[in-house]
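Subject: The structure I promised you

Hi,

Here is the structure we talked about, ready for you to open. Have a look at it first, and then read on for what turned up.

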Amino acid sequence: MVLFQGGNAQGKSNLLEALYILAIAKSPRASADREMVRWQVPPDDAHAQVSAVVQRAGGDVRVQIDFLASAPEAPDVSGDGGEGDTQRSDPHGSKAPPVQKHLKVNGVPRRTSELIGEINAVMFSASDLDLVLGPPVMRRRYMDILISQIDRHYLRSLQRYQRVVSQRNHLLKTVREGRAHRGELDFWDEELAETGGYIMSRRAATVVTLSQQAGAIHRELTGNGEGLELVFRPSVEAVSSESEEDMGQALKRSLEQGRDREVAQGFTVCGPHRDDLQMVLDNMDAGAYASRGQCRTVVLAMKLAEAGYLRDQRGQEPILLLDDVLSELDGARRAHVLERTLQYQQCFITTADAAQIDEGYLSRMSRYAISRGRAEPV
């Protein structure tokens, strides 16, 4: 375990954010890549880089991500169709140059789908309560990040699905305006059902396994006080099984049945982009009835289960990133989380108050003080 301690706004969260960016190629906090580069930097010099060397059984791997402004001559090889930001305004209202993101593995340019999985990581943060209390998009993102780290075909399917939905939505609007025939939707329905069926089947299978692990961990955290179950809620009607084919057929039926509504509204109303993940505590919806303390315990169980799932599926241990979460836990839960992290090869922890951590654990940590963006050994 590695502990980074220091006051607020000194750079502790930035460090863990940088590590997580190397795992998923996106920031867990920023909404746009432009936010990775300091606003005060002159446009011609706007550049940020994060890189790391990962030691693995098969040999070291160097992962590097560069955020470059004003570099139109450099091709964007990310392949996500959204890696380069559009122009944005800085906090003072002036226009900031667009940013291109470039990814490399061992010095060789890679697409996002080729980089994700090189480093596996699980991040815990105070904002994780949104997993339970926030909108469905937060829970879909949780499923997508987890599955993408073990299944590159899933990530490519997500990218293709987003493009298909965009094309289909455009066609729905033209049909509504009388500039296209409804029969033209048949082709896009097939495309959507094929890609969406795979996404939903992978989500369903993953949640079943994750629920078993999260339920067991939750019982440990609560002393067998409450039962936790994770339930995948697809946006399609009842499905006979979780197979890719059945999921695809169910989606196709839903699209056919909802065509009049979709034409009237001008957008696709069912599919993986409308799925949800439900957390159930003792047969009650945690999002509706659980206290903040209960929600925090649910999230801890889910994150620890995520780490175990990645380890089982990948055959190598993920890096754990705990961003100022220990201070929100009571002593018993704090000890349980730390005992769990000891089972992994590497865990980075941030805290503003190291005194809250028992000396028995502190003595086993490599400790660094963070001040104004610099780390010094303690």
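Is methionine 279 buried or exposed? In this predicted model, methionine 279 has a relative accessibility of 3%, and because the cut-off for buried is under 20%, methionine 279 counts as buried. You will find methionine 279 in strand 10, which covers residues 276-281. Leaving aside neighbours within four places in sequence, the contacts of methionine 279 include Leu131, Val132, Leu228, Leu230, Val298 and Met302, and also Arg139, Glu229 and Asp285.

Aspartate 282 sits between strand 10 and strand 11 (284-285), and its phi is near 45°, a positive value in a residue other than glycine. Asparagine 283 belongs to the loop between strand 10 and strand 11 as well, and phi of asparagine 283 is near 70°, again positive in a residue other than glycine. As for accessibility, aspartate 282 counts as partly exposed at 44%, whereas asparagine 283, at 76% relative accessible area, is exposed.

Now to the interior. In soluble globular proteins, nonpolar side chains tend to be buried together. Here the largest nonpolar core holds 67 residues, and those with the most contacts inside it are Leu230, Met279, Leu322, Ile349 and Met365. Helix 10 (residues 292-314) contributes the most to this core, giving 11 residues. Methionine 365 touches Met1, Leu3, Leu338, Ile349 and Ile357, if residues up to four places away in sequence are not counted. Apart from this core lies another one, of 36 residues, with Tyr20, Val50, Val61 and Ile370 among them.

Next, the helix packing. Two packed helices are described by the angle between their axes and the distance between the axes.

Helix 6 (residues 185-222) and helix 7 (residues 244-257) have axes that come within 7 Å and cross at roughly 130°, so helix 6 and helix 7 are oblique to each other. Their crossing is right-handed. On the helix 6 side the contact includes Leu192, Ala193, Gly196, Gly197 and Met200, and on the helix 7 side it includes Met247, Gly248, Leu251 and Leu255. By class, the residues of this contact are 8 nonpolar, 4 polar and 5 charged.

Helix 6 also packs with helix 10: their axes come within 8 Å and cross at roughly 125°. Helix 6 and helix 10 are therefore oblique to each other, and this crossing is right-handed too. Among the residues that meet here are Leu210, Ala214, Ile217 and Leu221 from helix 6, with Val298, Ala301, Leu304, Ala305 and Tyr309 from helix 10. The contact of helix 6 with helix 10 divides into 11 nonpolar, 7 polar and 2 charged residues.

Not counting residues up to four places away in sequence, alanine 30 touches Glu17, Glu35 and Met36. From alanine 30 to valine 378 it is 30 Å, C-alpha to C-alpha, and 348 residues in sequence.

Terms used: Residues numbered from 1 in each chain as written. Predicted model: local features only at pLDDT ≥ 70, side-chain atom pairs only at ≥ 80, totals over all residues. Heavy atoms only, no water. Axes fitted to C-alpha atoms, helices over the stretch in contact; angles between N-to-C directions. Helix = DSSP H or I, 4+ residues; strand = E, 2+ residues; numbered from the N terminus. Parallel < 35°, antiparallel > 145°, perpendicular 65-115°, else oblique. Left-handed = near helix turned anticlockwise from the far one by under 90°. Contact = heavy atoms within 4.5 Å. Nonpolar A, V, L, I, M, F, W, Y, C, P; charged D, E, K, R; others polar. Core = buried A, V, L, I, M, F, W, Y, C linked by side-chain atoms within 4.5 Å. Buried < 20%, exposed > 50% of the residue type's maximum accessible area, 1.4 Å probe, protein only.
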